[in-house]
Amino acid sequence: MAIRKKNSSLTNNSTGHSNADQLHISQGITASDGRIPSFVSDLPPLSTPTDPTDAAQPHVSQGITASDGRIPTFVSDSSSSSTPTVTTDLDDYAPGSTATLTASGFAAGSTLQFEVEHATGAGADEVWGTSDDVLDSGTGAGHEPWYVTDGSAGDLDGEVNGSVTTSWYVNPDDSAGATFLLTATSAGGDEVFGTADDSVATTSFTDSVPGIVATGVTVTLDETAGLQNNIATPSTTGDADDNDILLTSLPPTFSTRLSALGAGTALGAALSGYDATHTSGSDAFTISSGTGASITDVSFVGSGGAPLIGTPSGLFTLDGTEILLYTDSNNNI
């Protein structure tokens, strides 16, 4: 806290109050050039007491004025430190990907210790990503601590600003299905990591197992007039790669459902995987369960959970026809 006033003197007009908790300015203090020197105090920010005799509240004596009757300006030099935090750019990562980690709220220029450990339980507070998480330190590579100094070459933001950005490789050797505890630590006044005066921030992230794996094939509908495929027009170059079929070849269940869904009458049809050698077609896509997962049912819906009823896909055919999306409310036909 600095007390600044560019006038010839300060006077203290406070009377009748306890002196135990009051900061007094001596009367008539001047510098050699006639200006008032600045006073700097390490006291907490000033507050106006409701009871001048309350010794629990440091305050400036009432009635401090300059010789010209004006009130001095009080400027606080105190600053509050931020609470350290550490975050990841994603909540969940695939094995083999790279996580970007950012620790903030630490002292500018400090060296931070980063460590990623396997967490097997949320601990007594039942909150994942806190210091009491139950840890398993006996698995996989990449779990040793590493150190990055704020503003150094290893700090990806390149600035001395109390924030350090680094990265961690999600090693496939032990990551699938794992939950991790990320810790960022700055050593305290003793300059020793792992002691009580450290500043510590924690969070958690996961490498969840995918529930399903989908594979598919390309379906090409030739918009040239008439049926275009290798069997119908074997002499036409490129038709061996087309998947066109006759409208009458659509499965009755499918064509009936198109009408019921309001899609109208199909103008053209293509069969996934249909070509000169696969006249019976093939699956447009296949869904299988990932490791450790199982599939009990599949539904095709929009982001709101409802079937798609002529929803624009944002895609158009080469002749400018908009492609609309339909899903059946009965997914098991």
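These legends accompany several close-up views of a predicted model. Local features are described where pLDDT is at least 70, and side-chain atom pairs where it is 80 or more, while totals for chains, interfaces and linings use all residues. Residue numbers start from 1 along each chain as its sequence is written, and side-chain values rest on heavy atoms, with hydrogens and water left out.

Figure 1. Helices (H or I, at least four residues) and strands (E, at least two) are DSSP runs, numbered from the N terminus. Of the 333 residues, 29% count as buried; buried means under 20% relative accessible area, exposed over 50%, and partly exposed in between, with a 1.4 Å probe and protein chains only. The protein exposes about 19500 Å², and carbon and sulfur atoms supply 53% of that area (Shrake-Rupley method, 1.4 Å probe; for residues, only the protein chains shown count as cover). Taking contacts between residues at least 6 apart in sequence, 60% join residues at least 24 apart, where contact means heavy atoms within 4.5 Å.

**Figure 2. Three strands make an open sheet in the order β8-β9-β13.** Its pairing is antiparallel, and two strands pair if DSSP finds at least two bridges between them. At the edges are β8 (85-88) and β13 (164-169), each pairing on one side only. On average, neighbouring strands of this sheet are turned by 25° against each other, direction ignored; axes are lines fitted to C-alpha atoms, for helices over the stretch in contact, and angles run from 0 to 180 degrees between N-to-C directions. Six bridges join β9 (residues 98-104) to β13. To find your way in this view, look for Ala99 and its bridge partner in β13, Trp168.

**Figure 3. Tyr93 and Phe205 form an edge-to-face aromatic pair, one of six aromatic pairs in the count.** Rings of Phe, Tyr and Trp (its six-membered ring) pair if their centres lie within 6.5 Å; planes under 30 degrees apart count as stacked, over 60 as edge-to-face and the rest as tilted. Here the centres are 5.5 Å apart, with 85° between the planes. The pair links distant parts of the chain, as Tyr93 sits in the loop between β8 and β9 and Phe205 in strand β15, 112 residues apart. Both Tyr93 and Phe205 are buried. Together with Trp168 and Phe180, they form one aromatic cluster.

**Figure 4. Gln113 is a buried residue of strand β10.** Its relative accessibility is 14%. The Gln113 side chain makes a polar contact with the side chain of Tyr147 at 2.7 Å. A polar contact is a pair of N or O atoms within 3.5 Å; within protein, one must be able to donate a hydrogen and the other to accept it, and residues adjacent in sequence count only if both atoms are side-chain atoms. Leaving aside residues up to four places away in sequence, Gln113 touches several others, including Pro145, Trp146, Thr183 and Phe193.

**Figure 5. Ala201 is buried in strand β15.** Its relative accessible area is 4%. Beyond residues up to four places away in sequence, the residues touched by Ala201 include Pro84, Thr85, Phe106 and Leu182. Thr87 is 114 residues from Ala201 in sequence, yet their C-alpha atoms are 9.1 Å apart.

**Figure 6. Glu126 and Glu191 are loop residues with positive phi.** Phi is near 60° in Glu126 and near 60° in Glu191, and neither residue is glycine. Glu126 lies between β10 and β11 (134-136) and counts as exposed because its relative accessibility is 68%. Glu191 lies between β14 (178-186) and β15 (199-207), and is also exposed, at 69%.
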